[in-house]
Structure formats: C-alpha cells, structure tokens
Amino acid sequence: MSMNSGLACDDRPMARDTRDTSGKGYLLDNRQAEAGERFDALSALFNPSTFRHFETLGVGQGWRCWEVGAGGPTVPAWLADRVGPGGHVVATDINTSWMPEATGFKVLRHDVTAETPPAGGPFDLIHARLVMVHLPERDRALRSMVQALRPGGRLLLEDGDTALQPLICPDEYGPEQELANRLRCGFRELLRQRGADLAYGRKLPRLLREAGLVDVEADAYFPITSPACTALEEATVRQLRGKLVAEGLATDEEIDRHLANVTADRLDLATAPMISAWGRRPAV
C-alpha cells in the first residue's frame, strides 16, 4: 500500500458543508460491540471538561435539560443528579441500546434532524457532544435546539475539529507514528465520504451567533496522551477495520501492526481538539 504520511492529507475546510450521498449512514455504528468501549473512553476523556462547562453555566436544582445524541448514560445521569427531583432530564438518540437502565432521566429514541423536540421543554439547557459533525442536516438540528430553549436557556455544543489537528500522533518521529497517522488519514476519509464536516468545531461560535444566541463563548480541550486515548484508538480501529480495508485505505497487515504498537504502549496518542461553544437564548 502506498499512502503518504498523515501530514500530507488534505484537511482544508470546505467552503460549505458536505452531505452524505453514499447511503452508508453513520460511520461509527452504535449497534457494534466496540461502541460501548468507545463510549467508555470518550466519557473518561471528555466528561470532566463537559461537567466543568455545566457548572460554569450554573446547572442546578429544577432545571429542565435535553441531552441530544447521548449515546451512553453518564452525561444525562450527571445532569439528573444535579437538577434533582424537581428538575427534568431527557436523553435522546437514534439508538438507545446503551442506556437500558436509565435512572433519574427519561430515554427516548429520537432523530434531532427530522423530528420535533421531545416533550419536557422548553429547556433550560440543551447539550450535544460529538453529534453535530456527523449529522446530514446539522443546520436544521441546530435551529430545532435553539427553538426548544426557554428565553434565557443555554445551548452547549461540543464537537471535534479534526482538520484543525489531524494527527493522532502529533510527535511523528518514527515508523510507528507515521503508520498511526496514515491510518488516521484513512479514518478522516471515511468520515468525509459520509458527509462529516471535519472543520465544524471551529465554526460553532459563529453558528451560535447566527442562530440568534447571545453571550457566546468557546474554548478547546486537547488531550495529548492518556490511557483513554489508547482505549479509544483501539476500539475505533477495530470497529472500522473492515471499512478501511474495503476502501483500500489500509491493509490487514498494517492494521495488525498498528494495533500491536498501540497494545505495546509505543505511541503517544492524541485526539482532535474538542471545541465547546455555548450561548444563551435572549429573554423575551
């Protein structure tokens, strides 16, 4: 296989959002066994940052919250504990199989791009993490969430920006790191084929303002290396193995070699920067 280093991948932002015309749907199918491992790793990586933002926004007793594309239970469970019995938390996803024993919050199967907001609003807080970048109708989803806020309610969106930092090994000093970055280049290509906007994270502040929100702020969180980064990479590569090989983006031998390098703890594995942006719906 002849692929250039991940440094050579073209990750320049597109002038407009792309759309999925392949009919292949969401790349990281939540029905696969590896999805649970990914949820655990993502929770370990990003829950502390997400919960810090919730605290900054003042989430408290009696709040009504909507967790969009929840995946697993950890974020809505934190919210349910914070809002208490006088509050209300609804967690929605197109696949709710990873939240079978929800306690303190309501679980609904829901498509934010096609359905009206769930009952329980208007909401004091609406949150989505690593959701919008994958949606085929992300603009419509954003409008729906803004409309579901009460006057003064807060929207917090968090998404990666893989074009801003495309390498899984920023310190590419040897063949193991080069191989990891080439496979990450293949991952980004699969995302592109399904309409993901790899530069979406950096656009969030502007998009929130354009949607009519005020007091918009944003920051970024960028893990460089951790056991959770390693667990996330292993689960992701195993989940995408067949697609990478089928599309000619990697060989089985390369994937086996990379997974062996990951298991041997030879790599400092990073993530794309997680951009968190939040704003408030103006009071009437």
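The following questions and answers walk through a predicted model of one protein chain.

Visitor: How many helices and strands does the chain have, and in what order do the elements run?
Guide: Helices (H or I, at least four residues) and strands (E, at least two) are DSSP runs, numbered from the N terminus. The chain has seven helices and seven strands, and from the N terminus on the order is α-β-α-β-β-β-α-β-α-α-β-α-α-β.

Visitor: What share of the chain is buried?
Guide: Buried means under 20% relative accessible area, exposed means over 50%, and partly exposed lies in between, with a 1.4 Å probe and protein chains only. Of the 284 residues in the chain, the buried ones make up 53%.

Visitor: Is Cys65 buried or exposed?
Guide: Cys65 has its place in strand E1, which covers residues 64–68. Leaving aside neighbours within four places in sequence, Cys65 is in contact (heavy atoms within 4.5 Å) with Leu79, Val83, His88, Val89, Val90, Phe123 and Leu125. Its relative accessibility is 0%, so Cys65 counts as buried.

Visitor: How do helix H4 and helix H6 cross, left-handed or right-handed?
Guide: The axes of H4 (residues 175–193) and H6 (residues 227–246) come within 11 Å and cross at roughly 65°, where axes are lines fitted to C-alpha atoms, for helices over the stretch in contact, and angles run from 0 to 180 degrees between N-to-C directions. A crossing is left-handed if the near helix is turned anticlockwise from the far one by less than a right angle, and right-handed if clockwise. The crossing of H4 and H6 is left-handed.

Visitor: Which residues of H6 make the contact with H4?
Guide: From the side of H4, the contact is made by Leu183, Arg184, Gly186, Phe187 and Leu190. On the side of H6, the residues are Glu233, Thr236, Leu240, Lys243 and Leu244.

Visitor: Why is the pair of Phe54 and Trp78 described as tilted?
Guide: Rings of Phe, Tyr and Trp (its six-membered ring) pair if their centres lie within 6.5 Å, and planes under 30 degrees apart count as stacked, over 60 as edge-to-face and the rest as tilted. Phe54 in helix H1 (residues 34–57) and Trp78 in helix H2 (residues 74–83) are 24 residues apart, so that the pair links distant parts of the chain, and both residues are buried. With the ring centres 5.5 Å apart and the planes at 40°, the pair is therefore tilted.

Visitor: What is the relative accessible area of Asp265?
Guide: Asp265 has its place in the loop between helix H7 (252–263) and strand E7 (274–280). Its phi is near 60°, a positive value in a residue other than glycine. Asp265 is exposed, and its relative accessible area is 60%.

Key: Residues are numbered from 1 along each chain as its sequence is written. This is a predicted model: local features need pLDDT of at least 70, side-chain atom pairs count only at pLDDT 80 or more; totals for chains, interfaces and linings use all residues. Side-chain values use heavy atoms; hydrogens and water are left out.
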